[in-house]
Amino acid sequence: MFKLKEYGANPRTEIIAGLTMFAAMAYIIPVNASILGQTGTPDNPFPVGAIILATCIAAAAGSLLMALWANVPYGMAPGMGLNAFFTFTVVFALGFTWQQALAMVFLSGVIDLIVTATGIRKHIVASLPKALRSAMGVGIGLFIAYIGIKDAGLLSFTSDPGTYTMLGTDPATATIIAGAGAVPAIVAIKGAVLILAVVAIALTIILYVLRVPGAILISIVAMTLVAALFGLVHMDWSGYIGTLGQSFRDLGGVFGQSVISIPSLFSDPSRIILAIATIFAFSMTGLFDELGTSLGLGRATGIFTEEEIDDVAKVKGFHTRFARSLVPPSIATMFGSLFGTSNTTTYVESSAGIAAGGKTGLTATITGALFLASILGAPLAMAVPSLATAPALIMVGALMIRPVKDIDWSDMETSIPAFLAIAVMPFAYSITTGIAVGIIFYCVIKLCRGKIKEIHPVLAVIALLFVAYFVNMALA
């Protein structure tokens, strides 16, 4: 089924890669519930227990679909950034209910499925200049490394007075939205957590450089055990199991709200345009976040060949692994919204599994099965501390920087947009924003140089859509 021999893989390595990928992704179970759960009110609760189950189900379904349909070692789960957009923009800022936000997620999945089924997504890939394709992989690598450094607790952020907004009244539980006055810095390396994080980074790098089989997974397991000895690992198993029955009952009340609530989006004539614009924002963000991850990660790690990517629009249907990998995200997004979660997308943390040797869908199958098992064993999945998984992301960032050599830095017409795409991804904490800036400036530079004919028509349309996207976000 997975053609292990054809892709130079073996079951043992694929299983280790699947375990590694899951360990790097499991944090999404509590984090997604924490973010989406804030949208509930006493009169209209969005139960956290149901969101935990929905997260596990969506991640399992998405990963298994990617594995069995595309045979690609990509793990899927509700996307970070998209869940924040769901909560802080759609519900808090725009005033939609969480049920209406789920309806928007479902409709964005429908739109993305149409874009994929009609071949438009493949033409988008073909329209991208090779410099921007290389930049995606490099930018995602830096983005992953930044996530790792941040999750390891090695950064602190200082905000000037008056440059931040606090959502909530209790500083211990409030969300802080800081402006440009926030300045990052390396923290003082003291205390058990930070010292162990540095040790974990060193251990991961040493094991990987020495080519120890299963190096990343060994490091994750070892540092989790060490963290447990220091009392840094917590599992509330009895509490979770005790509330599991209620969580399933809550899930029954949430299931299907994404479809039931669609008519309410268009019941108020004064908010129809806002609803359509928000669905468009969900769709654009999900589409390019997924496209950037799939293309950039696959190209940088060698999962997809350059010829496979170049020819994707020329081949009818979905006969290559890369073409097939474009299909699962939209279906998984629709499926996940039915259970009660935001857009499901390919995770950049899949790179940890690929770095551990994952080459086929068997890796994603293991990851999907573990997410499914997490319905009962969520406390164990959530017990892996970020200090144990963060080093894997830093290591992967180092591996994904390689495509930077494929960019012709002497050609400013392509190198400047490529640089902007690379830089903006980690700085803006968004793959989509990095892609958008790169595409817009590529078109602007070509236009100013009088080389409009070198702009692919599809790319020109995308640039205009991104401009509209940014204008919509500014006016929202």
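Analyst: What follows is a reading of a predicted model, taken feature by feature.

User: Let us begin with the backbone. Where does Asn71 lie, and what is its phi?

Analyst: Asn71 belongs to the loop that connects α3 (48–70) with β1 (76–78). Its phi is positive, at about 55°, although Asn71 is not a glycine.

User: Is Asn71 buried or exposed?

Analyst: Asn71 has a relative accessible area of 7%, so it is buried; the cut-off for that word is under 20%.

User: Which loop holds Arg211, and is that residue buried or exposed?

Analyst: Arg211 sits in the loop between α8 (192–209) and α9 (215–229). Arg211 also has a positive phi, of about 60°, without being a glycine. Its relative accessibility is 73%, so Arg211 counts as exposed.

User: Why is the pair of Phe288 and Phe466 called tilted?

Analyst: The planes of Phe288 and Phe466 are at 55°, with ring centres 4.7 Å apart, so the pair is tilted. An angle over 60 degrees would count as edge-to-face, and one under 30 as stacked. Phe288 is part of helix α13 and Phe466 part of helix α22 (residues 457–475), so this pair ties together parts that lie 178 residues apart in sequence. Phe288 and Phe466 are both buried. They also belong to one aromatic cluster, formed with Tyr469 and Phe470.

User: How many cavities of 30 Å³ or more does a search of the whole structure find?

Analyst: The search finds two. The largest cavity has a volume of about 70 Å³. Its lining includes Leu82, Asp112, Arg121, Glu290 and Asn343. Three elements, α13, α16 (328–339) and β6 (344–346), each supply at least two residues of that lining. By class, the lining of the largest cavity holds three nonpolar, six polar and three charged residues.

User: What is the volume of the second largest pocket, and which residues lie nearest its centre?

Analyst: The second largest pocket has a volume of about 380 Å³. It is lined by 18 residues, and those nearest its centre are Phe22, Ala23, Leu380, Ala381 and Val384. Each of α1 (11–25), α9 and α18 (361–381) provides at least two lining residues. The largest share, six residues, comes from α18. In this lining, 15 residues are nonpolar, three are polar and none is charged.

User: How many disulfides does the structure hold?

Analyst: A disulfide is a covalent bond that joins the sulfur atoms of two cysteines. The structure holds zero disulfides. The sulfur of Cys443 has its closest cysteine sulfur in Cys448, 11 Å away, which is too far for a bond; a disulfide requires sulfur atoms within 2.5 Å. Cys443 is buried, with a relative accessible area of 9%, whereas Cys448 is exposed, at 66%.

User: Finally, in which helix is Pro263, and is it buried or exposed?

Analyst: Pro263 has its place in helix α12 (residues 262–265). With a relative accessible area of 56%, Pro263 is exposed. The C-alpha atoms of Pro263 and Gln100 are separated by 9.1 Å, while the two residues are 163 residues apart along the chain.

How values were computed:
Residues are numbered from 1 along each chain as its sequence is written. This is a predicted model: local features need pLDDT of at least 70, side-chain atom pairs count only at pLDDT 80 or more; totals for chains, interfaces and linings use all residues. Side-chain values use heavy atoms; hydrogens and water are left out. Helices (H or I, at least four residues) and strands (E, at least two) are DSSP runs, numbered from the N terminus. Buried means under 20% relative accessible area, exposed over 50%, partly exposed in between (1.4 Å probe, protein chains only). Rings of Phe, Tyr and Trp (its six-membered ring) pair if their centres lie within 6.5 Å; planes under 30 degrees apart count as stacked, over 60 as edge-to-face and the rest as tilted. On a 1 Å grid over the protein atoms alone, a cavity is a set of points where a 1.4 Å probe fits but cannot get out, and a pocket is an open set with protein on both sides within 12 Å along at least five of seven lines; lining residues have an atom within 4 Å of a point. Grid points are joined across faces, edges and corners, and a volume is the space filled by probe spheres set on the points. Ala, Val, Leu, Ile, Met, Phe, Trp, Tyr, Cys and Pro count as nonpolar, Asp, Glu, Lys and Arg as charged, and the others, Gly among them, as polar.
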